[in-house]
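Subject: Structure handover

Hello,

The structure is pasted below, followed by what I found in it. Please read the notes alongside the coordinates.

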Amino acid sequence: MMSNFEAGCLFCRIIQGQVPSKKVYEDEHTYAFQDINPQAPTHVLIVPKRHIRGLKEARPEDAVDVGYCHIVAAKLARQREIEGGYRTVLNVGPGAGQSVFHLHVHLLGGRQLGWPPG
Ligand code: 5GP
Ligand code: ZN
């Protein structure tokens, strides 16, 4: 696995185990853990192990990492039996609430989800 951890990045530190997290899934390319401030009964963050700052900064060669996070989200939703309705969310930029600049997909489910999101 090609790593490119960035010093000072919270999620790079979580992936490396330097900051504790409640892991729910891990494979060669992704790491998934419980959000510290859950907004739904299921609120998992799925991150590529390679540091990508966000969707804005993602390049064509990052497509597999970005897409694969969603495939992992679908797998976790299936396992958790929330397939009646869940949401994958990528907040892009501070105006949309992005607060950690290591790309992450939110998996939210287990309750009725409103539309449009706030
Ligand atoms: P964003 O707002 O960037 O889309 O999402 C960042 C998410 O990371 C937030 O939902 C926030 O609760 C979560 N978060 C921030 N710091 C930590 C942490 O140290 N551990 C965990 N597990 N989640 C965190
Ligand atoms: Zn990072």
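With which residue does Glu61 form a salt bridge? The partner is Arg59, with the closest N and O atoms 3.8 Å apart. A salt bridge here is a side-chain nitrogen of Lys or Arg within 4 Å of a carboxyl oxygen of Asp or Glu.

Some conventions before the rest. This is a predicted model, in which local features need pLDDT of at least 70 and side-chain atom pairs count only at pLDDT 80 or more, while totals for chains, interfaces and linings use all residues. Residues are numbered from 1 along each chain as its sequence is written, chains are lettered from A and ligands numbered from 1 in the order in which they are written, and side-chain values use heavy atoms, with hydrogens and water left out.

Salt bridges

The structure holds eight salt bridges. In one of them, Lys49 and Glu26 meet through their side chains at 2.9 Å, N to O. Lys49 sits in the loop between β3 (42-48) and α2 (63-79), Glu26 in strand β1 (residues 23-26), and the two are 23 residues apart. Helices (H or I, at least four residues) and strands (E, at least two) are DSSP runs, numbered from the N terminus. Lys49 is buried at 8% relative accessibility, whereas Glu26 is partly exposed at 35%. Buried means under 20% relative accessible area, exposed over 50%, and partly exposed in between (1.4 Å probe, protein chains only).

Arg50 pairs with Asp65, with 2.4 Å between the closest N and O atoms. Arg50 is buried at 16%, and Asp65 is buried at 8%.

Back to the opening pair: Glu61 is exposed at 54% and Arg59 partly exposed at 46%. Arg50, Arg59, Glu61, Asp62 and Asp65 are linked in a network of salt bridges.

Ligand 1

The shell around ligand 1 has 16 residues (a heavy atom within 4 Å). The closest are Gln34, Asp35, Gly97, Ser99 and His106. By type, the shell divides into seven nonpolar, eight polar and one charged; Ala, Val, Leu, Ile, Met, Phe, Trp, Tyr, Cys and Pro count as nonpolar, Asp, Glu, Lys and Arg as charged, and the others, Gly among them, as polar.

An oxygen atom of ligand 1 is 2.6 Å from a polar backbone atom of Ser99. For a side-chain N or O atom of His104, the distance to a ligand 1 oxygen is 2.9 Å.

Regards

Definitions and conventions. A polar contact is a pair of N or O atoms within 3.5 Å; within protein, one must be able to donate a hydrogen and the other to accept it, and residues adjacent in sequence count only if both atoms are side-chain atoms.
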